[in-house]
Amino acid sequence: MDPIDLDDVLATFGDAWSPRIVTRVNDYDIRLARFAGEHVWHVHDDTDEFFLVLDGEIEIGLRDPQERVVTLSRGQVLVVPKRTFHKPSSKEGASVLLVEPAGTLTVGDAHDEVPAHVDVTTGHLI
């Protein structure tokens, strides 16, 4: 029950698309991730996904049902509803806080081919 400094956690890793589990709230992971370049189109069948941009800017491609892109800057939040295909990306790099049920894969339940730079994980403990 000690405070967690998010900047300190972010300083411990530089890999993009390889989230760290900062803590848990009930059955949910609170994750920190670095975004750089493009992730992969994917969908979570049974859960929404929460994005809070801590630093930088991200884009999230959405297919709901038409394809569109939402841009988020520092301090902005977006919840991608379950069963919505989405593809996060960041041109300049960003730090993002994510909230998902523990055990949720970074590439969802269905996805396009996963590029080598995307870590297929349920998150790494800090």
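Arg24 is partly exposed, with 46% relative accessible area; by this scale, buried means under 20%, exposed over 50% and partly exposed in between, for a 1.4 Å probe and protein chains only. The side chain of Arg24 meets that of Asp29 in a salt bridge, N to O at 2.5 Å. The term salt bridge denotes a side-chain nitrogen of Lys or Arg within 4 Å of a carboxyl oxygen of Asp or Glu. Asp29 counts as buried because its relative accessibility is 0%.

The model is a predicted one, in which local features need pLDDT of at least 70 and side-chain atom pairs count only at pLDDT 80 or more, while totals for chains, interfaces and linings use all residues. Residues are numbered from 1 along each chain as its sequence is written, and side-chain values use heavy atoms, with hydrogens and water left out.

The structure holds 7 salt bridges. Side chains of opposite charge can pair when their charged atoms come close. Arg31 forms a salt bridge with Glu100, the closest N and O atoms lying 2.8 Å apart. Arg31 belongs to strand 2 (residues 28-38) and Glu100 to strand 7, so this pair ties together parts that are 69 residues apart in sequence. Strands (E, at least two residues) are DSSP runs numbered from the N terminus. Arg31 is buried at 0% relative accessibility, and Glu100 is buried at 2%. Arg24, Asp29, Arg31 and Glu100 are linked in a network of salt bridges.

Strand 7 (residues 85-101) also contains Lys91, which is exposed at 72% relative accessible area. The side chains of Lys91 and Glu59 meet in a salt bridge of 3.6 Å, N to O. Glu59 lies in strand 4 and Lys91 in strand 7, so the pair ties together parts that are 32 residues apart in sequence. Glu59 itself is partly exposed, at 22%.

Strand 4 (residues 49-63) runs antiparallel to strand 6, and 4 bridges join them; two strands pair if DSSP finds at least two bridges between them. Glu49 stands opposite Val80 in strand 6. In a regular strand the side chains alternate between the two faces of the sheet. Strand 6 (residues 77-80) has Leu78 and Val80 on a covered face, and Val77 and Val79 on an uncovered one.

Thr121 occupies the loop between strand 8 (110-111) and strand 9 (124-125). Thr121 is buried, with a relative accessible area of 8%. Leaving aside neighbours within four places in sequence, Thr121 is in contact (heavy atoms within 4.5 Å) with Pro19, Thr104, Leu105 and Thr106.

Key: Helices (H or I, at least four residues) and strands (E, at least two) are DSSP runs, numbered from the N terminus.
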